[in-house]
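Hello,

Here is the structure I promised to pass on to you. Have a look at it first, and then read on for what turned up in it.

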Amino acid sequence: MPEPPKLLEYVGVIHIHTTDSDGTKTHDKIISIAQKYHLDFIMFSDHKTLQNKSKEGWHDRTLVIVGYEHEDSDGKSHYLIFGLDEPLPADLAPREYVHRVRQAGGLGIIAHPDEKRHFPKHPPLPWTDWSVREFDGIEIWNHMSAWLEGIAEGNKLKYLLNPRALLISPPEETLKHWDKLAQKRRILGIASADAHGYRQKIIGPIWRTIFPYRVELRSMRTHILLKEPLSKDFAEAQKQVFTALKRCKVFMSNYRWGDATGFRFWAETPQRYAIVGDRISLHKRLRIFVESPLEARIRLIRNGELFTEVEGKKAIFASTKPGAYRVELYRNGKGWIFSNHISVVENEYRNYRKPHTKNKSSHIKEQKSGRQKGRRNVRQTKNK
Ligand SMILES: [Zn+2]
Ligand SMILES: [Zn+2]
């Protein structure tokens with residue numbers, strides 16, 4: 001059994017608006033709040049502008065990345081775009097902007113995909129074209145959408161005064177969507193603040209900032225796991241963050257219910273070790289491990305269905321079934337941690353077969369059968 005890699009964890013907040021679009025604070029003010037909360041990285045995404053791209057870089061120990069939020073001509077299909085120097089043209093269809101980000105080597109994440117709200121003045125802004133394929137990820141849990149969806153006349157005051165109270169769990173529909181996609185390919189899931197620092201009239205002349213940035217930066221967080229520390233060079237560090245996100249070395253948490261730092265989710269067989277985002281071959285001695293920094297209800301989800309659940313800080317699950325596995329941790333009935341997937345496949349080599357010429361084909365076949373024989377031998381020896 002190979003030694004498990006020592007992983008470094010970086011905690012960030014993704015999807016933040018500033019005064020460049022409809023947010024209420026400047027980049028500098030928000031960066032100083034992020035520093036105060038010791039966030040390792042933050043990712044800005046104002047609507048349709050990159051005018052303050054120069055703000056990106058290392059700000060003390062906080063990595064600041066400036067992307068933007070694109071939308072279609074109807075104002076729907078919001079797409080978080082990172083790694084581009086200029087915004088894309090405004091008149092493109094979702095298929096086209098998703099494709100262009102992929103071609104440019106950027107990072108693209110579908111924002112609030114299944115949003116539903118019931119305000120005539122603020123209609124929902126869902127994703128409209130699910131035939132597109134080239135996006136890297138989906139926002140699984142969007143703070144702003146959760147709040148707008150949950151608020152109703154009867155409970156309005158409660159949620160105006162306590163905007164984090166509605167964050168119970170991600171929308172069922174989005175989780176289903178994500179789990180379905182994860183059975184076919186690697187697909188990133190993030191938690192997103194969609195921070196604006198909105199101000200709202202409460203009663204008469206009383207106004208309140210319902211989502212102060214200091215609250216928004218202590219709610220929906222995205223944690224990434226790296227084998228190497230983030231580079232001091234900004235371009236290199238940004239690349240490390242994008243790669244970790246694209247490879248789903250990620251879990252999300254709601255800081256409101258506890259600091260999730262230190263959470264781990266991995267799988268082992270006698271030969272292999274897989275961390276979140278990885279793929280591993282099915283094996284009769286496959287074990288799935290979970291470690292939590294706090295007591296929680298640990299739910300193992302396979303292909304979108306509850307596989308099994310336990311209470312505690314540690315869990316070891318055995319499984320003999322292939323599928324896209326992830327875990328959800330709940331504290332006092334509230335969703336706290338949601339991991340990305342580990343893919344358990346019948347034979348991981350089958351999925352990495354490359355196109356090759358006729359001559360090489362027989363050579364590769366020989367190699368493959370040799371390896372399979374070898375693997376069988378290992379198993380037989382172990383069984384003795
Ligand atoms: Zn949006
Ligand atoms: Zn937004």
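Trp 58 has Leu 63 as its bridge partner in strand 4. Strand 3 (residues 57-59) and strand 4 run antiparallel, joined by three bridges; strands pair when DSSP finds at least two bridges between them. Helices (H or I, at least four residues) and strands (E, at least two) are DSSP runs, numbered from the N terminus. The two strands form a hairpin with two residues between them, and Asp 60 in its turn has a positive phi of about 60°.

Before going further, a word on where this comes from. It is a predicted model, in which local features need pLDDT of at least 70 and side-chain atom pairs count only at pLDDT 80 or more, while totals for chains, interfaces and linings use all residues. Residues are numbered from 1 along each chain as its sequence is written, and chains are lettered from A and ligands numbered from 1 in the order in which they are written.

Strand 4 (residues 62-70) has other partners too. Strand 2 (residues 41-47) runs parallel to strand 4, with seven bridges between them, and here Phe 41 is paired with Leu 63. Strand 5 (residues 79-82) pairs with strand 4 in the antiparallel sense over three bridges; in that pairing, Tyr 68 has Ile 81 as its partner. How many of the residues of strand 4 are buried? Eight of the nine are, which leaves the strand mostly covered. Buried here means that 20 or more other C-beta atoms lie within 10 Å of the residue's own; exposed means 12 or fewer, partly exposed is in between, and C-beta atoms are placed from the backbone.

Strand 7 (137-142) is another one to look at. Six of its six residues are buried, so the rest of the structure largely encloses this strand. Strand 6 (residues 107-110) pairs with strand 7 in the parallel sense over two bridges, and Ile 110 stands opposite Ile 138. Strand 8 also runs parallel to strand 7, through five bridges, with Asn 142 and Ser 192 as one of the partner pairs.

Helix 5 (residues 172-182) meets this region. Its buried residues are Thr 174, Leu 175, His 177, Trp 178, Asp 179 and Ala 182. What do they pack against? The answer is strand 7, strand 8 (188-192), strand 16 (287-302) and strand 18 (323-331).

Next, the largest nonpolar core. Such a core is a set of buried Ala, Val, Leu, Ile, Met, Phe, Trp, Tyr and Cys residues joined through C-beta atoms within 7 Å. This one has 87 residues, and Ile 42, Ile 109, Ile 140 and Val 250 touch the most other members. Strand 16 gives the most to the core, six residues. Leaving out residues up to four places away in sequence, Val 250 touches, among others, Leu 188, Ile 190, Ile 224, Val 276 and Asn 340. Contact means that the C-beta atoms of two residues, placed from the backbone, lie within 7 Å.

His 15, in strand 1 (residues 8-16), has a positive phi of about 80° although it is not a glycine. His 15 counts as buried because it has 29 C-beta neighbours inside 10 Å. Cys 248, in the loop between helix 7 (234-246) and strand 12 (250-254), is not a glycine either, yet has a positive phi of about 65°. Cys 248 is buried, with 27 other C-beta atoms within 10 Å.

Is Thr 209 buried or partly exposed? Thr 209, in strand 10 (residues 206-209), is partly exposed, because 16 other C-beta atoms lie within 10 Å. Thr 209 and Arg 199 are 10 residues apart in sequence, with their C-alpha atoms 4.0 Å apart in space. Beyond its neighbours within four places in sequence, Thr 209 is in contact with Gly 197, Tyr 198 and Arg 199.

Finally, the overall figures. The protein comes to eight helices and 20 strands. Of its 384 residues, 40% are buried. Of the contacts between residues at least 6 apart in sequence, 67% join residues at least 24 apart.

Best wishes
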